[in-house]
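Let's walk through some helix packing together. Have the sequence and the structure open as you read.

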Amino acid sequence: MPDLQRIVLNLKEFSVTLALAMKDPTTLKSQHDTSLLYATAALFEKLSPYLEFNIVPAQTRFDLFKNGTSYCYFVRNGWFSIHHSADPVLLGTLQLPGIIGIGGAIPESAGLYIESKVESEVAMTTVPEMHALINELDLWEMLSKHIFRMTGSIFTKGVLLTGNSSYEIIRFHLIELMNEPEEIRNITVAVTYVQQKTRLSRSTIMKMLAQLKQGGYVTLENGILKKVHKLPLKY
């Protein structure tokens, strides 16, 4: 079992992230976020020697829950998107090194799956097997920080998508797109990225992007987001 004291300490740290998100959920990564991202990378490094990585082609799908068993995935190279099987909305993308499903809290009813967008390198294992290994290696603190990072991301997106204006939602996703690796951003049309991750109409997104470009707030080349300058908080 994880050390309860460690978990409580991490919860106290995580409350800072939640407070910042509620104040302005579209801020760029803070030092705290970077620390949590480092914890994910450290966890990935510790577990990698025990995993078998395989190269998979683009458009390969992996379910997080299948035949009564929960699975987790480790992405070392490539690009994976996260989807909900009953909903066409793109939930997000996995940053490298990417870990998903390791907490084991995602129910089968969620219908979540990941899909490779390009040729990628990924390892798959069951959640019970991974928890046994984490217990053996005493990596619960790293795991808890990784989970808090994921929870913070979900919380931030939930805040954005509940009761906020179309502009605030678009602003958040433009910043999120700018934080994607350059090789991904350079092949991603900004309006398509935002539309896949929201329920906003294409015309609404295109209108706001055009106005932001005209105002010098963003740089777009052939629909590709090249740079985000200081975006206004309100439209």
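How are helix 5 and helix 7 oriented to each other, and why? This is a predicted model, and in it the axes of helix 5 and helix 7 cross at roughly 120 degrees and come within 10 Å. Angles of 65 to 115 degrees count as roughly perpendicular and those over 145 as roughly antiparallel, so helix 5 and helix 7 are oblique to each other. The crossing in which helix 5 passes helix 7 is right-handed. On the helix 5 side, the residues that meet helix 7 are Ile170, His173, Leu174, Glu176 and Leu177, and their partners in helix 7 are Ala190, Tyr193, Val194 and Lys197.

Now take helix 5 by itself. Helix 5 covers residues 166-178, and its 18 Å reach from first C-alpha to last is close to the 18 Å expected at 1.5 Å a residue. Because eleven of its 13 residues are buried, helix 5 is largely enclosed by the rest of the structure. Among the buried residues are Arg171, Phe172 and His173.

Helix 7 contributes Ala190, Val191, Thr192, Val194 and Gln195 to the contact, while helix 8 brings Arg202, Ile205, Met206 and Leu209. The residues of this contact of helix 7 with helix 8 comprise six nonpolar, two polar and one charged.

Terms used: Residues numbered from 1 in each chain as written. Predicted model: local features only at pLDDT ≥ 70, side-chain atom pairs only at ≥ 80, totals over all residues. Heavy atoms only, no water. Contact = heavy atoms within 4.5 Å. Helix = DSSP H or I, 4+ residues; strand = E, 2+ residues; numbered from the N terminus. Nonpolar A, V, L, I, M, F, W, Y, C, P; charged D, E, K, R; others polar. Expected span 1.5 Å × (residues − 1). Buried < 20%, exposed > 50% of the residue type's maximum accessible area, 1.4 Å probe, protein only. Axes fitted to C-alpha atoms, helices over the stretch in contact; angles between N-to-C directions. Parallel < 35°, antiparallel > 145°, perpendicular 65-115°, else oblique. Left-handed = near helix turned anticlockwise from the far one by under 90°.
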